[in-house]
Amino acid sequence: MSDNSIMPQGKFSAFRELPGKDRKRILTDALFNNAMYIIIAFAIIFITIRVPAFLSLSSVVNIISLTASKLPIALGIAGCIVLTGTDISAGRAVGLTACVSASLLQIAGYPNKMFPDLGVMPLWAVFLIVIAIGAVVGLVNGFFVAKFKLHPFIVTLSTQLIIFGTILMYLMIGTNNGQTLSGLDESYTDFIRGTLFTIGGVAVPKYILYSLIITILMWIIWNKTKFGKNMFAVGSNEEAANVSGVNVFLTIVSVFILAGIMYGITGFIEGARIASSSASTGINYESDAIAACVIGGVSFVGGTGKISGVVIGVFLLQIIFVGLNFLSVSANMLYIIKGAIILAACAVDMRKYLARK
Amino acid sequence: MNNGGLYKNVKMTLATANFMVLVAIGLLVFCFCIAVVSAEKTSAEIADESHSIADFN
């Protein structure tokens, strides 16, 4: 108790003893480095004053549910950003895996069933299939980035188009004829959207638990494994990591494969959550995920980032989006605000790098 | 030692970077305000239309 009370006092007195110029610099740094959090805090206060229902229990559960559904994709992209890269094929990969999940888990006898002769596949089999699809997408991305030293932006831009074409072709298979995939089996929807428990009469969906498990696993991978340490080493300085004996090629490919697996999991969740997958499923998910990562402190400088930061970033972003919906802001304006958030977050990120340098 | 990643070729003073951050955040706040004002306007228009229809009836 006494230690805790002495520490901040000590820091504060040390701060007061600094020359005025240094004090001003520290305050400016703190203000600029946390600018995004400050802006978001003001926005939340403003929205809460305007629409008090924003902080009702059902709204908070809704925000947490949305955060849980978007968390796996953000955790995947965060790894790519740690390697000073990015992945703009993520949204399309989510769309593809959501469509595959939905098509394989439609009710037997559903009028527009994509594969009429196929019964309902076991959940675990479909889960493994979508994870494999995600892993293949990640492998292709990672291979071209690591082997040919291409910028991840270019590689993932290409794969994004390839995946989109694949989705469109996939949706034309059988009797589907490009229609939205609906009529999902109850076992699938219940596994994802079923009630985990009820709090104050508001149902908490099961996928929050899955997202929590994935987050813990990713934390262990990032912080407690050799692979995680290698990822940060390569992201921080590829040449230095190579000289230190890190297999740079394998690390980059593994990070992208892990990201692909995360997209597969997101697609599996989204397929049941939205219950009507189409070619537009997953569109722009990558921009939300990248924005969340940058807000959460996963820097484009490379080798910097925390799982907790990604979770906070996704949560804050969802708060803003839900809040803007409460204010009846049009969907068109939401795109503009999303873009402005990414721009501001990147500007703050670059400023942090310059201040450290 | 970090090599700078995406920003390795960025050469500017901290003051310029601060200015850039202010511009970007100003843009964000501006967009937010426009969004809120346009949403208010839309709600008001809907309310007006409802009143007009009610009056007509």
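Predicted model: local features only at pLDDT ≥ 70, side-chain atom pairs only at ≥ 80, totals over all residues.
Chain B consists of 57 residues, of which 26% are buried. Its secondary structure comprises 1 helix and 0 strands. The accessible surface of chain B amounts to about 4,000 Å², and 69% of that area is supplied by carbon and sulfur atoms.

The largest nonpolar core contains 123 residues. Within this core, the residues with the most contacts are A:Ile77, A:Tyr263 and A:Ile341. Two of these residues touch one another, as A:Tyr263 is among the contacts of A:Ile77. With residues up to four places away in sequence left out, A:Ile77 also touches A:Asp87, A:Ala90, A:Glu286, A:Ala289, A:Ile290 and A:Cys293. In soluble globular proteins, nonpolar side chains tend to be buried together.

A:Thr251 belongs to helix 12 of chain A, which spans residues 248–274. The relative accessible area of A:Thr251 is 4%, and the residue is classed as buried because this value falls under the 20% cut-off. Leaving aside residues up to four places away in sequence, the contacts of A:Thr251 are A:Phe227, A:Asn230, A:Met231, A:Val234 and A:Val246.

The largest pocket has a volume of about 480 Å³. Its lining is formed by 19 residues, and those closest to the pocket centre are A:Leu83, A:Thr84, A:His151, A:Pro152 and A:Glu238. Two or more lining residues come from each of helix 6 (123–148), helix 10 (226–236) and helix 12 of chain A. By class, the lining of the largest pocket divides into 9 nonpolar, 7 polar and 3 charged residues.

In chain A, helix 4 (57–82), helix 13 (285–295), helix 14 (307–326) and helix 15 (331–356) each contribute at least two residues to the lining of the second largest pocket.

Methods. Residues numbered from 1 in each chain as written. Chains lettered and ligands numbered in written order. Heavy atoms only, no water. Helix = DSSP H or I, 4+ residues; strand = E, 2+ residues; numbered from the N terminus. Buried < 20%, exposed > 50% of the residue type's maximum accessible area, 1.4 Å probe, protein only. Areas by Shrake-Rupley, 256 points an atom, 1.4 Å probe, with all protein chains shown as cover. Core = buried A, V, L, I, M, F, W, Y, C linked by side-chain atoms within 4.5 Å. Contact = heavy atoms within 4.5 Å. 1 Å grid on protein atoms, 1.4 Å probe; cavity = no way out; pocket = protein on both sides within 12 Å on 5 of 7 lines; lining within 4 Å. Points joined across faces, edges and corners; volume = space filled by probe spheres on them. Nonpolar A, V, L, I, M, F, W, Y, C, P; charged D, E, K, R; others polar.
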